[in-house]
Amino acid sequence: MLNLLPCAKFGNFVPPKWNRVLLKVSGEALSGDGQQTIDPKITMSIATEISAITRLGVQVAIVVGGGNFFRGSTWAGASGLDRATADYIGMMATVMNAIFLQASMESIGVQTRVQTAFKIAEIAEPYIRRRAIRHLEKGRVVIFGAGTGNPFFTTDTAAALRAAEINAEVMFKATNVDGVFDSDPKKNPNAALLKHVSYKDVFSKGLSVMDTTAITLCQENCIPVVVFNLRTHGNISKALMGEQIGTLIDQKGACAETVV
C-alpha cells in the first residue's frame, strides 16, 4: 500500500499543497517499457496513488493522451489520411486509455467518471463542465477523454483547457522523463534538469515541454505546471504535497536552479 504521508503516524499531518488538481498522463507513459500498448502495472500504480490522494479530500481530474495507440500528427498523410481524420482517430485512442484507467481505479474502490468531448453514450458521459465540477465536489475522479473534440489540438492543450475550465489549482504533466531539460538528454549526456522555469523561458529558450497553445493557456490563467516522471512510484503524491520533483513552470521561474 502507498505510504503517502509517513509523518502522519507521528501526528504531524502535512496538508496537501493543492485542493483541486488536473493530472495529464501521456499515452507513451502508460505503455511502460513499450513492450505493450498499456502496462497494467502502470495504470494500477496511478490508481493506487490517486486513491490515497482522494482520501485526503483532494479533487482529481485526469486528461489522458493516446500516443501509445495512435498519434494523429504522426499518421497524417499515411494511406490517404488527412490531418483532421488522423486526429479524430487519435482522440478515440485517448478514450480507450480513459476506460482502461477507469477500470483500474474502480477495481480498488475509487469512484470514477469518464467524460468525452464527443458523444459515446454507451461507455461515457458527454463533457459538461458543471457536471464535471459536481463529480469532483462529490469526491469522484473525472477522466476527460477525446481531447478537446477538435482536430489540430493536442491533448496537452486539452489538459490546459480543462484545467482552466474546472478551476484547477495546478496541472501535473506525468511523462516518461524526469522533467524539463535544457537540451535533449537522449542526445546530450550532459543535459541539465531544470527545477524551476517561467512560462516566458519555455518560449524564449524553446524548451520541449508542451505545445505553445497549452503553455499560453496555463500562463493566461495562472496555472502552474509540474512536469515529472510517472514511472517513479510516489511522484504524484510528492508533487501534490509540494515536494520538489521534476520541473515547476510558473510565472516567476528560476532558471538558475539546475540539477546535473
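Analyst: Start with a definition: two strands pair if DSSP finds at least two bridges between them. Keep in mind that this is a predicted model.

User: How many bridges pair β3 with strand β5?

Analyst: β3 covers residues 112-116, and β5 covers residues 141-145. The two pair in the parallel sense. Thr112 stands opposite Val141 in β5. The count of bridges between β3 and β5 is 5.

User: Which residue is the bridge partner of Thr116 in β4?

Analyst: β4 spans residues 125-126. It runs parallel to β3, joined by 2 bridges. In β4, Thr116 is partnered by Pro126.

User: Is β3 largely enclosed or left open by the rest of the structure?

Analyst: Buried means under 20% relative accessible area. In β3, 4 of the 5 residues are buried. So the rest of the structure leaves β3 largely enclosed.

User: Which strands stand at the edges of the sheet?

Analyst: The sheet is open and has 9 strands, with mixed pairing. Their order is β4-β3-β5-β2-β1-β6-β10-β11-β9. An edge strand here has a single partner, so one side of it is left without a neighbour in the sheet. The edge strands are β4 and β9.

User: What angle does the direction of helix α2 make with that of β2?

Analyst: Helix α2, residues 40-54, packs on the sheet. It touches β1, β2 and β5. Its direction and that of β2 make an angle of about 155 degrees.

User: At what angle does helix α4 run to β3?

Analyst: Helix α4 takes in residues 83-106. It lies across β2, β3 and β5. Relative to β3, it runs at about 170 degrees.

User: Which residue's backbone nitrogen lies 3.1 Å from a polar atom of the Thr175 side chain?

Analyst: A polar contact needs a pair of N or O atoms within 3.5 Å. Here the separation is 3.1 Å, with a side-chain atom of Thr175 on one end. The backbone nitrogen on the other end belongs to Val177.

Note on methods. Residues are numbered from 1 along each chain as its sequence is written. This is a predicted model: local features need pLDDT of at least 70, side-chain atom pairs count only at pLDDT 80 or more; totals for chains, interfaces and linings use all residues. Side-chain values use heavy atoms; hydrogens and water are left out. Buried means under 20% relative accessible area, exposed over 50%, partly exposed in between (1.4 Å probe, protein chains only). Contact means heavy atoms within 4.5 Å. Axes are lines fitted to C-alpha atoms, for helices over the stretch in contact, and angles run from 0 to 180 degrees between N-to-C directions. A polar contact is a pair of N or O atoms within 3.5 Å; within protein, one must be able to donate a hydrogen and the other to accept it, and residues adjacent in sequence count only if both atoms are side-chain atoms.
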